Amino acid sequence: MSEHTDATARVAELEEQERRLRLPRFDNDDAWRLGCLIADLAQERGAAVTIGVQRAGQRLFHRALPGTSPDNDAWLERKCRVVERYGASSFLVGTRFRAKGSSFEESSRLDPDRYAAHGGAFPIHVTGTGVVGAVAVSGLPQAEDHALVVEALERYLSTAQG
């Protein structure tokens, strides 16, 4: 399959994740718990990542694991700006551009020094409210950054449903 065909198939999968991974509420304590969960998963795997959780533009959680650098912080910011602008995961936004046979960098008309549609930032969507923030990881290949965030949100939701 071509990259275009792969991207088209992937869009539906990523959209389904965003419909499914919605939180009943989200406050500062929730941000801390979610961030710590991601950090624990990353440490168990020996993954050198930087983790950020923000709500309404305020950083509520930040952790840089050994092996990361300030570049990872810059990637977090760029990916989160994509979530804020599009209301969708940075991976989904980039994949949508690829599915149309283009790239985010070529077609978005946004400054690539400020926006990065690479996997790793996911919208924090509160049911009945909408997107209120973003959770992001930087340090792994983009599909793995995205998968780590998705896995953490799935685990978090399985424990937060009470």
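In strand β2, R59 is the bridge partner of Q54. Helices (H or I, at least four residues) and strands (E, at least two) are DSSP runs, numbered from the N terminus. The structure is a predicted model, in which local features need pLDDT of at least 70 and side-chain atom pairs count only at pLDDT 80 or more, while totals for chains, interfaces and linings use all residues. Residues are numbered from 1 along each chain as its sequence is written, and side-chain values use heavy atoms, with hydrogens and water left out.

## The sheet

The model contains an open sheet of 4 strands in the order β2-β1-β4-β3, with antiparallel pairing. Two strands pair if DSSP finds at least two bridges between them. The edge strands, each pairing on one side only, are β2 (58-64) and β3 (121-126). From one strand to the next, the twist averages 15 degrees. Strands of a sheet pair through backbone hydrogen bonds, either parallel or antiparallel.

The pairings are set out below, each with a bridge partner.

| Strand pair | Sense | Bridges | Bridge partners |
|---|---|---|---|
| β1 and β2 | antiparallel | 6 bridges | Q54 and R59 |
| β1 and β4 | antiparallel | 6 bridges | I51 and V137 |
| β3 and β4 | antiparallel | 6 bridges | I124 and G133 |

Strands β1 and β2 form a hairpin with 2 residues between them, and A56 in the turn has a positive phi of about 50 degrees. R55 stands opposite Q58 in β2. Strand β1 is largely enclosed by the rest of the structure, because 5 of its 6 residues are buried. Buried means under 20% relative accessible area and exposed over 50%, with partly exposed in between (1.4 Å probe, protein chains only).

Contact means heavy atoms within 4.5 Å. Axes are lines fitted to C-alpha atoms, for helices over the stretch in contact, and angles run from 0 to 180 degrees between N-to-C directions. Helix α6 lies across β3 and β4, running at about 125 degrees to β4.

The axes of helix α2 (residues 28-45) and helix α6 (residues 142-160) come within 10 Å and cross at roughly 125 degrees. Helices α2 and α6 are therefore oblique to each other; angles under 35 degrees count as roughly parallel, over 145 as roughly antiparallel, 65 to 115 as roughly perpendicular and the rest as oblique. On the α2 side the contact is made by D30, R33, L34, L37, I38, L41, A42 and R45, and on the α6 side by L148, E151, A152, L153, R155 and Y156. By class, this contact has 9 nonpolar, no polar and 5 charged residues. Ala, Val, Leu, Ile, Met, Phe, Trp, Tyr, Cys and Pro count as nonpolar, Asp, Glu, Lys and Arg as charged, and the others, Gly among them, as polar.

R33, which lies in helix α2, counts as partly exposed at 42% relative accessibility. R33 and F61 are 28 residues apart in sequence, and their C-alpha atoms are 9.1 Å apart in space.

## Helices α3 and α4

Helix α3 (residues 70-86) and α4 pack at an angle of about 75 degrees, with their axes 8 Å apart. This makes α3 roughly perpendicular to α4. The residues in contact are K79, V82, V83 and Y86 of α3, together with S90, V93 and F97 of α4. They divide into 5 nonpolar, 1 polar and 1 charged.

Helix α4 (residues 90-99) is largely enclosed by the rest of the structure, because 8 of its 10 residues are buried. The buried residues of α4 are S90, F91, L92, V93, G94, T95, F97 and A99. G101, with a positive phi near 80 degrees, follows α4.

E84 lies in helix α3 and counts as partly exposed, at 49% relative accessibility. The C-alpha atoms of E84 and G133 are separated by 7.2 Å, although these residues are 49 residues apart along the chain.
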